[in-house]
Amino acid sequence: MAIAAVALLRLNQPGKVWPLLKHSPDPRVRSYIIDRLFPLGADPAAIVRRLDEEPDLSARRALLLALGEFSPLPLGGEGSGVRGSLLAKVQSLYRDDPDPGLHAAAEWLLRTWKHEAWLKQVNDEWAKEKDAREKRLAGIAELVKKEGAKAPPQWYVNSQGQTFVVIPGPVEFLMGSPTTEADRRTDEVQHQRKIGRSFAVAATPVTKEQFLRFLPRFSHSEFRRYPEDTCPIGGVVWYEAAMYCNWLSKEEGIPEEQWCYEIKGNEVKLRANYLSLTGYRLPTEAEMEYATRAGAVTSRYFGETDQLLPRYAWYFKNSQERTWPVGSLKPNDLGLFDAQGNVFTWCQESYKPYPKDAEVSEDGEDELMVISTRSRVLRGGSFNVQASNVRSANRINIEPATRNNYYGIRPARTLP
């Protein structure tokens with residue numbers, strides 16, 4: 001199909017190609033076209049022209065990801081007006097477009113073009129602008145209050161420079177995996193799950209540099225797995241992840257009665273009604289799967305094949321037994337990076353079997369006491385697991401005090 005798409009572009013019949021770049025529950029063809037336009041000889045100028053004309057948001061995201069497969073900044077040399085215009089256009093999308101998927105695709109493209117310094121400068125400025133952040137959050141809350149689940153996803157940057165993707169709710173989706181999915185496990189029983197709230201989830205895992213602001217002396221025997229400050233932190237136990245979320249709530253100026261964890265010494269307890277509070281917390285298992293899938297029903301958010309997996313995830317085959325800077329690989333359509341691979345994500349609740357007979361299972365609160373012998377859930381895969389574990393429905397369960405170099409954090413919160 002990708003070969004046919006490029007042939008149609010060369011025959012000046014792009015009208016049959018562009019609709020294939022729209023996101024759908026089965027994104028396999030789309031992902032192959034994104035990946036193959038460059039090696040099969042498509043003209044980048046045609047993609048750039050379409051970027052100006054394309055009305056569909058998901059197709060525009062795909063066009064940006066496709067451009068990243070070409071040589072850095074195609075269309076002329078350093079002094080080319082076309083080249084400068086394209087760079088300015090992508091920077092504008094990153095700064096100004098409210099869609100988190102388009103924002104992330106622009107970020108990835110700029111990173112691919114080696115504009116990390118510009119991205120850091122813009123992000124650092126956003127992190128310092130408290131009044132602008134509060135105004136943006138208030139605007140998002142008002143939009144969601146007015147339109148509910150029909151409101152489009154949004155994004156904001158917090159005081160730590162972390163981008164959060166806001167998902168208006170309530171939402172309902174098919175959680176788990178079908179019996180036909182390769183490598184599925186018996187505890188992935190497919191069922192309808194409802195998330196009855198709007199929530200936000202971090203676009204990337206917490207990095208080493210970000211975590212060390214909270215716990216400067218943090219270290220462990222496998223600390224070498226995170227060689228750069230922008231690598232995701234690993235080796236975090238569940239209790240430390242919860243403590244980090246409370247610290248993040250404090251740094252953001254969120255009132256203490258809205259924090260999601262009660263902490264006394266080394267003891268951590270979930271606060272009553274924590275899913276109604278606005279403080280930062282760990283994502284629920286359903287929130288994490290919904291955000292990872294980004295509307296896809298395939299085993300991975302880009303499709304099924306292991307062939308394309310190294311474009312989207314750091315895992316055993318391509319990681320060299322270490323983590324890599326967050327945002328280096330392609331994001332999903334909701335704007336999440338590293339949702340699969342790099343480090344696992346600790347989830348909020350204890351591990352439980354899925355319901356087998358309920359029509360719709362509500363994503364509710366867990367028991368408040370955190371028992372050290374009762375396993376918590378981790379999601380997403382990591383740098384040292386096989387491809388079979390890098391799937392949207394894959395779930396593992398580990399006791400909360402377990403320290404492993406590939407367990408990390410991705411904060412979430414209920415929309416304020």
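Trainee: By class, what residues does the lining of the largest pocket have?
Mentor: Bear in mind that this is a predicted model. The lining has 11 nonpolar, 14 polar and 8 charged residues.

Trainee: How much space lies in that largest pocket?
Mentor: About 700 Å³.

Trainee: And which residues lie nearest its centre?
Mentor: Lys120, Asn123, Gly161, Gln210 and Thr230, out of the 33 residues that line the largest pocket.

Trainee: Which elements give two or more residues to the lining?
Mentor: Those are α6 (100-112), α7 (116-128), β2 (163-167) and α9 (208-214). The most comes from α7, which gives 6 residues.

Trainee: OK, on to packing. How do the axes of α3 and α4 cross?
Mentor: Helix α3 covers residues 44-53 and helix α4 covers residues 57-67. Their axes come within 10 Å and cross at roughly 150 degrees.

Trainee: Parallel or antiparallel, then?
Mentor: Roughly antiparallel, because the angle is over the 145 degree cut-off.

Trainee: Is the crossing left-handed or right-handed?
Mentor: The crossing of α3 and α4 is left-handed.

Trainee: Which residues in α3 meet which in α4?
Mentor: From α3, Pro44, Ile47, Val48, Arg50 and Leu51. On the α4 side they meet Arg60, Leu63, Leu64, Ala66 and Leu67.

Trainee: How many residues of each class does that contact have?
Mentor: The contact of α3 with α4 has 8 nonpolar and 2 charged residues, with no polar ones.

Technical notes: Residues are numbered from 1 along each chain as its sequence is written. This is a predicted model: local features need pLDDT of at least 70, side-chain atom pairs count only at pLDDT 80 or more; totals for chains, interfaces and linings use all residues. Side-chain values use heavy atoms; hydrogens and water are left out. On a 1 Å grid over the protein atoms alone, a cavity is a set of points where a 1.4 Å probe fits but cannot get out, and a pocket is an open set with protein on both sides within 12 Å along at least five of seven lines; lining residues have an atom within 4 Å of a point. Grid points are joined across faces, edges and corners, and a volume is the space filled by probe spheres set on the points. Helices (H or I, at least four residues) and strands (E, at least two) are DSSP runs, numbered from the N terminus. Ala, Val, Leu, Ile, Met, Phe, Trp, Tyr, Cys and Pro count as nonpolar, Asp, Glu, Lys and Arg as charged, and the others, Gly among them, as polar. Axes are lines fitted to C-alpha atoms, for helices over the stretch in contact, and angles run from 0 to 180 degrees between N-to-C directions. Angles under 35 degrees count as roughly parallel, over 145 as roughly antiparallel, 65 to 115 as roughly perpendicular and the rest as oblique. A crossing is left-handed if the near helix is turned anticlockwise from the far one by less than a right angle, and right-handed if clockwise. Contact means heavy atoms within 4.5 Å.
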